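Reader: I have a protein model to look at and some questions about its inside and its surface. Could we go through them one at a time?

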Amino acid sequence: MKKHNRCRYWTTRFLALTLVTFLFYACASVPKLSNETESLIKTVIHEPLPEMVKGKTGFAISDGWKIWYEHIPATNPKKGTILLVMGAANDALTWPPSFISKFNKAGYDVIRYDHRGTGLTQRLKKTDKEYTLASMANDPIAILDNLHIEKAHIVGVSMGGMISQIAVIQQENRFKSLTSIMSSADLFDSTLPIPSPEVLPKMISAVLKYGVFGGKKAQMKLQFVQKRILMGEATGPIASKPLAEAALYNIEKRDGFHFIAGRQHQKAIETAEPRYDDLSKLELPVLVVHGKQDPVIPIEHGRKMAKVIPKADSLWVDNMGHDLPDAKIDLISTKILKTIEENSL
């Protein structure tokens with residue numbers, strides 16, 4: 001064997017071994033699922049799948065995107081509309097059903113929608129053009145326009161909180177209140193703590209283990225694993241059956257999960273400008289909610305934002321990471337409703 005070919009051979013072997021070693025350790029770092037969760041996933045796959053979309057659905061056109069939304073009516077006399085904006089790489093079905101029903105029972109229509117590149121939302125024309133958080137902030141406005149709703153309360157989590165902030169900054173007259181949950185006015189603020197260095201490698205490892213090559217069951221497992229990673233050091237049970245059913249519904253009755261969308265969302269976050277100055281000029285009521293154990297966006301981001309905004313109220317939640325814990329849904333939704341209704345008098 002010639003020297004050049006030998007070098008290429010051993011280089012290839014080394015790279016292959018390195019990749020295998022990386023995948024082994026990466027997958028080993030992923031949280032393990034309990035036997036109960038494994039059993040539940042098997043059960044849900046073989047049971048009749050409940051309908052997860054019960055409201056009026058439609059599409060709004062926004063900056064070359066066809067945005068899918070669901071408009072869920074209040075179950076008691078209507079007081080207003082709450083528009084929900086989810087975080088990066090997530091679609092409308094990520095919202096806990098108990099969160100939505102709390103608002104419906106209180107007399108509020110709820111709108112949830114699929115972010116660009118997720119769920120049933122699609123680009124109208126094939127293009128490699130990247131988008132920004134500022135352009136994504138046009139999506140909730142387009143939905144309100146499509147439904148002929150003059151004003152709504154807007155609630156956003158994580159990246160959805162950033163989008164909600166920008167939407168309110170751009171068109172404050174279209175909103176009655178803003179709730180920003182586990183979010184930031186500048187994720188790269190050098191004066192504030194950075195995300196835990198363990199989260200991103202674990203999330204990538206989880207996708208490698210379950211999302212890239214796995215089938216239906218593996219993609220359902222991924223939803224549980226990612227939720228556990230985002231919880232960080234927070235503890236508590238997960239409403240497992242609704243989570244499993246939503247994951248299966250996405251796979252079987254919608255367009256599945258689009259992991260590449262997360263990268264584009266991350267780019268949009270990275271190119272966004274700080275919003276402190278603009279937020280300090282808001283006149284509408286604002287509620288800032290943050291978990292004390294958030295490993296992705298440390299709580300200091302929420303605290304700084306609450307200090308900057310003139311009419312901001314706050315809720316700092318014990319035993320909450322970077323997710324909406326099932327045990328805290330009632331606490332958070334009750335606080336949102338109190339903020340909305342106290343400022344509607």
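Reader: How many cavities of 30 Å³ or more are there?
Author: This is a predicted model, and the answer applies to the model. A cavity here is a space where a 1.4 Å probe fits but cannot get out. By this rule, with a threshold of 30 Å³ or more, the count is one cavity.

Reader: What volume does the largest cavity have, and which kinds of residue line it?
Author: Among the residues lining the largest cavity are Leu-133, Met-162, Phe-188 and Ile-269, and also Asp-186, Glu-273 and Arg-275. The lining divides into seven nonpolar, no polar and three charged residues. The volume of the largest cavity is about 50 Å³.

Reader: Which element gives the largest share of the lining of the second largest pocket?
Author: The second largest pocket has a volume of about 450 Å³ and is lined by 21 residues. Strand 5 (122-123) and helix 10 (260-270) are the elements that give two or more residues to this lining. The largest share is five residues, and it comes from helix 10.

Reader: Which residues lie nearest the centre of the second largest pocket, and how does its lining divide by type?
Author: By type, the lining of the second largest pocket holds four nonpolar, eight polar and nine charged residues. Nearest the centre of this pocket lie Trp-65, Gly-117, Arg-123, Tyr-131 and Ile-260.

Reader: Is Thr-191 buried or exposed, and why?
Author: Thr-191 is found in the loop between strand 7 (175-181) and helix 7 (199-211). A residue counts as exposed when its relative accessible area is over 50%. Thr-191 has 57% relative accessibility, so Thr-191 is exposed.

Reader: How many Å apart in space are Thr-191 and His-301?
Author: In sequence, Thr-191 and His-301 are 110 residues apart. From C-alpha to C-alpha, the distance between Thr-191 and His-301 in space is 9.6 Å.

Reader: What percentage of the residues in the protein is buried?
Author: The protein has 13 helices and nine strands. Its accessible surface comes to about 17,000 Å², and 56% of that belongs to carbon and sulfur atoms. A residue is buried when its relative accessible area is under 20%. Of the 345 residues in the protein, the buried ones make up 50%.

Key
Residues are numbered from 1 along each chain as its sequence is written. This is a predicted model: local features need pLDDT of at least 70, side-chain atom pairs count only at pLDDT 80 or more; totals for chains, interfaces and linings use all residues. Side-chain values use heavy atoms; hydrogens and water are left out. On a 1 Å grid over the protein atoms alone, a cavity is a set of points where a 1.4 Å probe fits but cannot get out, and a pocket is an open set with protein on both sides within 12 Å along at least five of seven lines; lining residues have an atom within 4 Å of a point. Grid points are joined across faces, edges and corners, and a volume is the space filled by probe spheres set on the points. Helices (H or I, at least four residues) and strands (E, at least two) are DSSP runs, numbered from the N terminus. Ala, Val, Leu, Ile, Met, Phe, Trp, Tyr, Cys and Pro count as nonpolar, Asp, Glu, Lys and Arg as charged, and the others, Gly among them, as polar. Buried means under 20% relative accessible area, exposed over 50%, partly exposed in between (1.4 Å probe, protein chains only). Accessible areas come from the Shrake-Rupley method with a 1.4 Å probe; for residues, only the protein chains shown count as cover.
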